[in-house]
Amino acid sequence: MDRKRMFSQAETIVFNHGEMQCEARAIIHHRSHNNDENDDDGNHDAVTYEVTLFDRSSQSHRTMRWKTEITALLTCIVCDDDWTFCGTIDGELYAINSRDGRFVSSVIQFDDALVSMVLQHHHLLLVTNNGTLRKWRLQRDARGDLEGTQLLQ
C-alpha cells in the first residue's frame, strides 16, 4: 500500500454513531535534520493522529468526551457506545474505551494494513489489505478491559 497516497487521503477520518462522532485528525511532525532528497516520506519524521470522541446534541453543538493521540498512520476508525477501534497502515489495532478514552488492551498486530472495520452488536469485523477477513466477539474482563475472541479468519 502506498503510504504517501494513503496519508494524503486520510488527513482526517470521521465516523458517526448515533449521537457520537469520532474524529481522527493528522498532526505531522516535520524533520529538523537529514534533509535527504531521496526521502520517500516527504520529509516527515512521524505522523500522530489526535483521536477525539464528541457527543452531538445537535448539528451545531459538539461536546468533547475525550481526546488521545496515536503515533501511527490511521487507515480506519469505528466506534459504538462501548468501544472505539483505530486501525493503521502497519496492521496495528488500537482499542479504546468509548466512555473515558482509556486504552483497553495492548496493540494488536496483524500481518497487513487494516483497510476496513465494522462494529456491531459486540462483534468487530476486520478486513486487511491482503483480503483477510477476521471476526472478533468483544467483551469486557473484570477490570473493564477488552477481552476479544477471534471467531473467524
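**Notes on a predicted chain**

1. Start with Arg25. This residue is partly exposed, with a relative accessible area of 41%. Arg25 forms a salt bridge with Glu23, and the closest N and O atoms are 2.9 Å apart. Glu23 counts as buried, at 11% relative accessibility.

2. A word on the ground rules. The model is predicted, so local features need pLDDT of at least 70 and side-chain atom pairs count only at pLDDT 80 or more, while totals for chains, interfaces and linings use all residues. Residues are numbered from 1 along each chain as its sequence is written, and side-chain values use heavy atoms, with hydrogens and water left out.

3. Now the overall layout. The protein chain has one helix and twelve strands. Both are DSSP runs, numbered from the N terminus: helices are H or I with at least four residues, strands are E with at least two. From the N terminus on, the order is α-β-β-β-β-β-β-β-β-β-β-β-β.

4. Next, surface and packing. Of the 153 residues in the protein chain, 41% are buried. The chain exposes about 8600 Å², and carbon and sulfur atoms supply 43% of that area. These areas come from the Shrake-Rupley method with a 1.4 Å probe; for residues, only the protein chains shown count as cover. A contact means heavy atoms within 4.5 Å. Take the contacts between residues at least 6 apart in sequence: 40% of them join residues at least 24 apart.

5. How many salt bridges are there? The count comes to six. The rule asks for a side-chain nitrogen of Lys or Arg within 4 Å of a carboxyl oxygen of Asp or Glu. The background is simple: side chains of opposite charge can pair when their charged atoms come close.

6. One of these bridges joins Asp55 and Arg65, with the closest N and O atoms 2.5 Å apart. The pair links distant parts of the chain: Asp55 sits in strand 3 (residues 44-58) and Arg65 in strand 4 (residues 61-70), ten residues apart. Asp55 is partly exposed at 28%. Arg65 is also partly exposed, at 29%.

7. Arg140 belongs to strand 11 (residues 133-140), and Asp82 to the loop between strand 5 (74-79) and strand 6 (83-88); the two are 58 residues apart. Arg140 is partly exposed, at 26%. Asp82 is buried, at 13%. Arg99 joins in: Asp82, Arg99 and Arg140 are linked in a network of salt bridges.

8. A disulfide needs a pair of cysteine sulfur atoms within 2.5 Å. The count is zero disulfides. Both cysteines are buried: Cys22 has a relative accessible area of 0%, and Cys79 stands at 1%.

9. Last, check Thr128. This residue lies in strand 10 (residues 123-128). Is Thr128 buried or exposed? Thr128 is buried, at 4%. Leaving out residues up to four places away in sequence, Thr128 touches Phe110, Asp112, Ala113, Leu114, Val115 and Arg134. Its side chain also makes a polar contact with the side chain of Asn130, at 2.5 Å. A polar contact is a pair of N or O atoms within 3.5 Å; within protein, one must be able to donate a hydrogen and the other to accept it, and residues adjacent in sequence count only if both atoms are side-chain atoms.

Definitions and conventions: Buried means under 20% relative accessible area, exposed over 50%, partly exposed in between (1.4 Å probe, protein chains only).
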